[in-house]
Amino acid sequence: MAMHRLARAPKFSYARAALGATVIAAAIAAPTAANAQTTPSAALTHQHSQVRPADHERSGKVKVTAAQVLSLAKAQIGTSENAMGGGTKFQKWYAASARAAETIQRDGGTRADYINAAWCSMFVSWIGDKTGLGASIGSDAYTVEHAKWFKHNDHWGTAPKPGAVVFFAWSGSKSLDDINHVGFVVKANGDGTISTIEGNTGNGVVEQRVRPTSQVVGYGYPDYAA
């Protein structure tokens with residue numbers, strides 16, 4: 001499966017983003033494995049992009065509930081990647097999105113790199129887009145930056161609320177820089193675990209899981225209707 005943590009690709013000329021749909025079509029026809037195991041280059045310091053999902057204004061009247069978001073996420077259970085670690089609708093959607101051009105500018109690489117890259121954060125972003133909460137759930141392919149966006153916008157905390165976006169570090173670290181994976185909270189189980197729905201888990205599938213809270217770095221809180 002695609003590795004949980006999407007690493008940043010080498011820097012490239014921003015003009016290459018103009019390849020757009022041509023690049024995507026070529027990538028889908030002949031996919032290449034993304035190097036998701038490589039850690040970000042030391043030259044690429046962790047900072048927020050000048051263009052963030054937060055710059056897409058939050059909606060004034062929120063009408064989408066956490067239950068609706070979780071219902072759509074649950075409907076994706078069983079969606080699986082291909083043998084190359086890619087090919088999901090979440091990766092294809094992100095690679096073709098306007099947001100991909102922004103994260104390419106921040107991280108480097110090309111649109112085609114997203115086709116087989118780690119897709120847990122792309123899954124969360126896709127759910128946000130399809131429910132009309134993209135400006136509140138955020139849009140990113142890199143778990144660390146996705147978490148930092150929530151914190152930067154003061155929508156970050158430690159309570160496992162239903163519909164919250166949950167960020168994990170398998171080491172048990174509480175540093176955002178150590179985040180490996182992301183999903184949605186379904187519920188807190190009251191026994192030190194939470195039930196979740198996650199993309200790119202198990203063998204590269206959308207699944208409902210039970211996770212220990214000891215592996216949780218923190219939670220991002222979308223703006224849901226009451």
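I start with the terms for packing: I call it contact when heavy atoms lie within 4.5 Å. Axes are lines fitted to C-alpha atoms, for helices over the stretch in contact, and angles run from 0 to 180 degrees between N-to-C directions. Helices (H or I, at least four residues) and strands (E, at least two) are DSSP runs, numbered from the N terminus.

A note on what I am reading: this is a predicted model, in which local features need pLDDT of at least 70 and side-chain atom pairs count only at pLDDT 80 or more, while totals for chains, interfaces and linings use all residues. Residues are numbered from 1 along each chain as its sequence is written, and side-chain values use heavy atoms, with hydrogens and water left out.

**Sheet**

I looked up the strand order and found an open sheet of six strands, β1-β6-β2-β3-β4-β5, with antiparallel pairing. Two strands pair if DSSP finds at least two bridges between them. β1 (156-157) and β5 are the edge strands, each pairing on one side only.

Gly 157 stands opposite Tyr 219 in β6.

Which strands does α5 lie across? I find β2, β3, β4 and β5, with α5 running at about 60° to β3. α7 packs on the sheet too, touching β1, β2, β3 and β6, and its direction makes about 130° with that of β2.

**Cores**

Next I checked the nonpolar cores, meaning sets of buried Ala, Val, Leu, Ile, Met, Phe, Trp, Tyr and Cys residues joined through side-chain atoms within 4.5 Å. Buried means under 20% relative accessible area, exposed over 50%, and partly exposed in between (1.4 Å probe, protein chains only).

The largest core has 38 residues, and Tyr 114, Phe 123, Val 165 and Phe 184 have the most contacts inside it. Among the elements that give it two or more residues are α2 (66-75), α4 (98-107) and β3 (181-188). α5 gives the most, with six residues. A second, separate core has eight residues, including Phe 168 and Ile 194.

**Rings**

I count rings of Phe, Tyr and Trp (its six-membered ring) as a pair if their centres lie within 6.5 Å; planes under 30 degrees apart are stacked, over 60 edge-to-face, and the rest tilted. The whole structure gives 10 aromatic pairs.

Phe 90 and Phe 123 are edge-to-face, 5.2 Å centre to centre with 80° between the planes. Phe 90 lies in helix α3 and Phe 123 in helix α5, so this pair ties together parts that are 33 residues apart in sequence. Phe 90 is buried, at 0% relative accessibility, and Phe 123 is buried at 0% as well.

Why do I call Phe 168 and Trp 170 stacked? Because their ring centres are 5.5 Å apart and their planes are at 20°. Phe 168 is buried at 0% relative accessibility, whereas Trp 170 is partly exposed at 30%.
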